[in-house]
Amino acid sequence: MHKRDFIKTAGAASLFTAVHPWGSFGMQIGNSKKVLILGGRGFLGPSIVEEFLASGHQVTLLNRGKTNTHLFTDLPIIICDREKENKQGFNAINKKYKNSYWDIVVDTWQKSPKAVSDFLEVFKGQFGHYHYISTVSVYDKWDKKFIVESEPLNPLPKFPKTIGEAFRYAIRKTLAEEAIRERTSNYTIYRSHGMKDFRVTRPDDPNAEPFWPVRFLRGGELLVPRIPDHHMQVTDIKSLTRFIVHCANSASYGAFNVAYDPTPFKDFISSLIHATARTKTMHWIDGDFLIENGLLPYKIVPLWKPTPAGSYYFNVQKAIGAGLVNRPMVDMITDQLNGYKSRHPHDDVRFGEMVEGKQLKYYSMAKEREVIKKWVAR
Ligand SMILES: NC(=O)c1ccc[n+]([C@@H]2O[C@H](COP(=O)([O-])OP(=O)(O)OC[C@H]3O[C@@H](n4cnc5c(N)ncnc54)[C@H](OP(=O)(O)O)[C@@H]3O)[C@@H](O)[C@H]2O)c1
């Protein structure tokens with residue numbers, strides 16, 4: 001199936017689940033709200049749109065009408081370029097929409113924080129509850145485990161006067177959060193942590209594909225890092241989007257770390273085994289041995305990050321208390337694999353190799369065989 005058709009089908013499947021039992025978590029038939037999604041047609045946005053539709057809400061999109069235009073063609077769309085200086089994009093919006101009131105606004109914006117403050121100023125008094133997708137990168141220090149939402153955020157430069165002022169990702173997100181806190185109290189901020197789904201951030205970039213699920217799918221002899229107290233932590237998009245709708249329905253405000261609880265790497269491996277159900281022989285290899293052989297944490301071996309200490313240990317109890325339900329990891333992995341198979345039906349992503357002059361991330365199967373051979377013979 002072509003990847004676009006897959007996205008379409010996946011969208012239709014989610015709409016169908018409006019009558020599925022999990023809909024009861026956020027089902028609002030009879031109490032339908034007006035929802036404006038700023039963005040909505042990239043990587044995470046479509047899942048948010050689907051979840052609100054499945055819960056019976058009325059969704060309108062706001063974007064430039066450039067990305068994934070085949071998605072949600074039945075939904076009203078406000079064409080607006082948020083990167084225009086002096087609020088020109090927002091000011092050019094059709095009057096009908098400019099004077100509308102939105103019960104819920106969801107903003108996935110990750111570029112200039114000025115675009116966030118511009119929206120909040122132009123639409124002041126015209127929305128009930130503003131939701132913003134943020135990241136754990138807003139925390140200043142990741143040097144201890146179990147960081148909670150009240151920990152200090154990144155020190156900030158002066159808030160930009162123009163869209164054009166450039167900052168690194170973590171600062172852009174922290175500035176955007178600051179703009180939100182200063183301009184409204186009815187907000188919910190979701191600090192997410194590493195996401196992959198059946199969609200990926202860049203469908204044409206093999207580096208965006210999920211390494212571990214793909215490796216386990218291939219089966220055979222594979223290496224697994226054996227590291228004391230090794231945990232991993234990621235955000236599941238389905239669980240996040242259900243939580244967003246839940247917060248919208250229950251008017252839950254504030255900032256939340258949203259991810260799985262810190263998860264023993266061995267449990268992640270169990271989920272990979274269940275999701276891929278293919279015969280494999282695993283070689284649990286000591287971390288020091290992997291490093292000696294060039295298989296370095298994180299950049300080469302994903303989801304292994306010894307430093308800083310808090311990297312895979314964010315505290316998500318506040319979100320759980322507010323209603324976050326993380327679905328079984330095996331379901332997330334299955335979604336990731338379905339997306340991978342739709343984009344690469346011939347399983348042709350060659351991690352760690354040079355492909356058309358481009359070095360792909362992680363490590364190759366040849367490197368893996370070499371390290372396993374050495375480990376077995378040591
Ligand atoms: N990937 C991760 O692991 C990870 C981790 C933590 C947090 N996050 C956060 O998750 C969020 C995900 O965002 P997403 O890209 O998936 O959102 P999305 O809403 O799915 O896609 C981005 C949308 O923005 C629109 N857009 C782009 N430029 C625009 C402009 N100038 N004016 C108006 N609209 C514009 C695009 O449509 P048009 O091009 O048609 O305008 C598109 O619909 C980001 O904030 C990111 O920081 C990601």
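**Reading helix packing, burial and a ligand shell**

Tutor: The axes of helix 9 (residues 265-276) and helix 12 (residues 329-343) come within 9 Å and cross at roughly 55°. Axes are lines fitted to C-alpha atoms, for helices over the stretch in contact, with angles from 0 to 180 degrees between N-to-C directions. Helices are DSSP runs (H or I, at least four residues), numbered from the N terminus. This is a predicted model: local features need pLDDT of at least 70, side-chain atom pairs count only at pLDDT 80 or more, and totals for chains, interfaces and linings use all residues. Residues are numbered from 1 along each chain as its sequence is written.

Student: Which residues of helix 9 and helix 12 make the contact?

Tutor: Contact means C-beta atoms, placed from the backbone, within 7 Å. Helix 9 gives Phe 268, Ser 271, Leu 272, His 274 and Ala 275. Helix 12 gives Met 329, Val 330, Ile 333, Thr 334 and Leu 337.

Student: Why do residues spaced along a helix point the same way?

Tutor: An α-helix has 3.6 residues a turn, so residues three or four places apart point the same way.

Student: How many residues of helix 2 are buried?

Tutor: A residue is buried if 20 or more other C-beta atoms lie within 10 Å of its own, with C-beta atoms placed from the backbone. In helix 2 (residues 45-54), ten of the ten residues are buried, so it is largely enclosed by the rest of the structure. Among them are Glu 50 and Glu 51. Gly 56 follows helix 2, with a positive phi near 85°.

Student: How many residues surround the ligand?

Tutor: Count C-beta atoms, placed from the backbone, within 6 Å of the molecule. Here 24 residues surround the ligand; the closest are Gly 39, Gly 42, Phe 43, Gly 45 and Arg 64.

Methods: Helices (H or I, at least four residues) and strands (E, at least two) are DSSP runs, numbered from the N terminus. Two residues are in contact if their C-beta atoms, placed from the backbone, lie within 7 Å. A residue is buried if 20 or more other C-beta atoms lie within 10 Å of its own, exposed if 12 or fewer, and partly exposed in between; C-beta atoms are placed from the backbone.
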